[in-house]
Amino acid sequence: MTSSVDSKIKKTNSPSRIAQPGCSFLIQEEKPQNIFISEEWNEEQKMIYDMVQDFCKKEIMEAMLSRGREFEITKDKEEILQLFDKASELGLCGVSISEEYGGINLDFNTSCLFAEASAYGFSFATTMGAQTSIGSLPIVYYGTKDQKEKYLPGIASGELKASYCLTEPRSGSDANSGKTSATLNEAETHYAINGQKMWITNGGFADIFIVFARIDDDKNLSAFIVEKGFGGITLGAEEKKLGIKGSSTVQVFFENCMVPKENLLGDRNGGFKIALNILNTGRIKLAASTTGGCKLSIDQAVTYAKQREQFDTPIANFGAIKHKIGQMAVLTYAAEAALYRTGHNINLKTEEFLSQGKSENESKLKAIREYAVECSLLKVKCSENLDYAIDECLQIHGGMGYSAELGIEMGYRDARITRIYEGTNEINRMLSLAELTKRAIKTKEVDLVGAGKKIPTYILKQYLPFKSNSGWNQEERIVKNIKTLFMMLSGKAGQELKEKMVDEQEMVMNFADILAEAYFCESVLLKVQKLEKNKLYSGKDFDIRKKALQVYLYEAIDICRKSANDAINSWATGSNKKMMKRFTNKLLFNYDINVKNLRREIAEYVYEKGEYTL
Ligand SMILES: Cc1cc2nc3c(=O)[nH]c(=O)nc-3n(C[C@H](O)[C@H](O)[C@H](O)COP(=O)(O)OP(=O)(O)OC[C@H]3O[C@@H](n4cnc5c(N)ncnc54)[C@H](O)[C@@H]3O)c2cc1C
């Protein structure tokens with residue numbers, strides 16, 4: 001960020017102190033001033049980002065390139081553990097742990113920034129993610145004072161390495177069906193844990209295992225803090241994986257592992273709730289690290305494209321290459337807008353709950369829960385962005401991308417896991433719709449029914465001539481129309497199919513994709529409007545950002561059109577089908593921009609800067 005932008009930020013209004021409720025983006029109009037944009041990171045936050053990124057670049061990326069191969073847990077365990085120690089010395093293991101227990105307790109949005117910067121550590125990001133997120137947050141949020149005092153200082157200092165054991169061979173997406181059992185002994189002092197966990201990150205060297213197990217015939221799982229030293233634990237061999245080979249992934253077997261009663265975490269039967277809440281946190285952090293991965297892919301692709309010549313020309317000059325770089329930058333730009341808007345809303349909601357007298361942990365948990373839908377949408381879209389970005393980065397490198405020499409093929413393999421863990425993308429698409437429906441119908445937190453009543457009038461207005469296409473008129477209409485499209489189609493399908501709707505997963509996926517576009521389109525529009533309002537950039541610097549917004553909207557219209565048509569063709573018939581198709585076409589109007597030229601200009605801007613700086 002330039003110093004002139006920095007100085008303008010200081011003069012502009014700080015973001016709103018009022019948290020927008022979760023999911024309300026669908027039915028409420030948000031003001032640009034109310035959203036957080038990444039230009040607003042303060043010096044301290046930027047320092048954290050730089051420190052983490054420098055560490056990852058120097059200790060991991062450069063180390064891998066100079067030795068000519070990636071880290072592999074089966075060959076380099078000692079080196080990986082040394083890296084862990086170095087990261088701990090910098091305080092990186094304690095980012096979400098309060099100072100009282102030796103951590104640095106970053107606010108939620110800054111912890112997302114931390115996750116973005118850690119993407120430069122490739123598989124080590126997964127190692128650190130398990131330590132700082134799923135392996136330790138259950139104790140941070142649900143631990144008793146004694147449990148926190150006993151375990152958190154060691155986790156914050158890196159002396160204790162943490163892991164999270166939910167998945168089992170027969171229980172993956174259906175996590176609450178796990179068979180691992182916990183039985184209280186006769187003396188009622190210990191639970192005997194028996195069972196098998198699978199795909200456990202950090203499992204090969206963990207000292208602490210957060211284990212989810214069922215007590216007797218309980219409906220839900222319970223959670224336990226299990227120390228390696230309790231005995232009764234054996235580890236499987238390191239899994240042979242497609243990617244993230246530097247990260248430890250093993251099976252963990254529990255055979256009469258005797259866990260003191262006081263190591264039950266949270267309430268009996270409350271483990272599944274813990275698992276879900278921790279996964280919500282993990283999802284947005286994964287969105288952050290995948291967005292970091294997109295930026296790295298752009299930087300690597302640009303460096304290579306500028307120096308590689310074919311037909312006596314740097315390949316960067318070819319339109320086909322500019323298209324790829326431009327599109328990578330556009331997707332990353334929109335993702336960043338949606339990501340940090342949500343992270344900041346979580347911060348604001350936390351403050352709101354704190355001011356109502358709730359405890360710090362309860363406030364944080366409730367705030368994250370509030371944005372569960374947004375977290376799922378972010379996880380899905382950002383992990384899919386990374387797949388696109390690293391795939392095109394590899395393509396731009398041609399044969400050198402396919403070779404192991406530059407590490408691009410490693411990035412390609414590493415990226416693939418992000419669509420699978422923290423809830424697969426299919427499960428997250430379905431979750432986003434299920435949670436939204438619950439809030440609209442059961443808890444009535446989001447008045448979709450009320451908003452639905454206004455849809456016919458709104459659509460009729462689309463048939464009237466529009467005053468002008470000046471200013472933000474068209475872009476605002478696109479955002480509003482995509483929201484309306486989502487409400488019209490999902491509402492109509494819901495009315496007709498009722499409870500049968502859950503069996504129509506293909507349509508649920510279509511609706512989730514439209515919902516995600518509504519959120520991302522609005523976020524990137526609000527961001528660019530805020531930049532304009534606050535005059536944060538001028539001339540070309542502003543124009544390029546506006547062009548990124550325009551290309552994003554153009555693409556989103558196409559995604560929504562395909563999803564809408566797929567859904568309508570799946571269930572509607574007769575005049576109903578005709579009407580919905582007509583309305584869809586009206587809402588998704590022709591947005592005439594020269595998308596080729598815009599992408600070219602964006603790519604050339606990135607070339608000029610030498611890296612992604614948007
Ligand atoms: C490298 C790696 C690290 C991991 N780290 C951990 C860890 O530290 N701790 C931990 O507990 N777990 C971990 N996992 C497990 C991970 O969370 C699971 O792999 C994931 O939840 C999916 O479960 P599964 O593999 O059993 O797939 P399944 O649940 O069998 O799913 C297979 C396919 O079916 C789809 N599917 C499943 N159910 C439905 C449905 N109802 N409707 C439609 N489609 C459905 C899925 O989307 C997927 O495409 C890790 C996994 C890997 C590969």
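A: Start where the helix stops. Helix α2 is followed by Gly68, and the phi of Gly68 is positive, near 80°. Bear in mind that this is a predicted model.

Now go back along the helix. α2 covers residues 43-67, which makes 25 residues. From its first C-alpha to its last, α2 reaches 34 Å. That is close to the 36 Å expected at 1.5 Å a residue. Still, α2 has a bend of about 35°, located at Lys57.

Next, look at what α2 hides. Its buried residues are Ile48, Val52, Gln53, Phe55, Cys56 and Ile60. An α-helix has 3.6 residues a turn, so residues three or four places apart point the same way. Follow Ile48, Val52, Cys56 and Ile60 on the model; they are among the buried residues of α2.

What do these residues meet? The buried residues of α2 pack against α3 (73-89), α4 (108-118) and α5 (123-134).

Finally, step back to the whole chain. The protein chain holds 21 helices and 10 strands. Its radius of gyration is 25 Å, close to the 25 Å that the globule rule gives for 614 residues, so the chain is as compact as a globular protein of that length. The C-alpha trace spans about 80 × 60 × 45 Å along its principal axes. Of the 614 residues, 50% count as buried. Take the contacts between residues at least 6 apart in sequence: 79% of them join residues at least 24 apart.

Methods:
Residues are numbered from 1 along each chain as its sequence is written. This is a predicted model: local features need pLDDT of at least 70, side-chain atom pairs count only at pLDDT 80 or more; totals for chains, interfaces and linings use all residues. Helices (H or I, at least four residues) and strands (E, at least two) are DSSP runs, numbered from the N terminus. The radius of gyration is taken over C-alpha atoms; the globule rule is 2.2 Å times the number of residues to the power 0.38. A residue is buried if 20 or more other C-beta atoms lie within 10 Å of its own, exposed if 12 or fewer, and partly exposed in between; C-beta atoms are placed from the backbone. Two residues are in contact if their C-beta atoms, placed from the backbone, lie within 7 Å. The expected span of a helix is 1.5 Å times one less than its number of residues. The bend at a residue is the angle between axes fitted to the seven residues ending there and the seven starting there.
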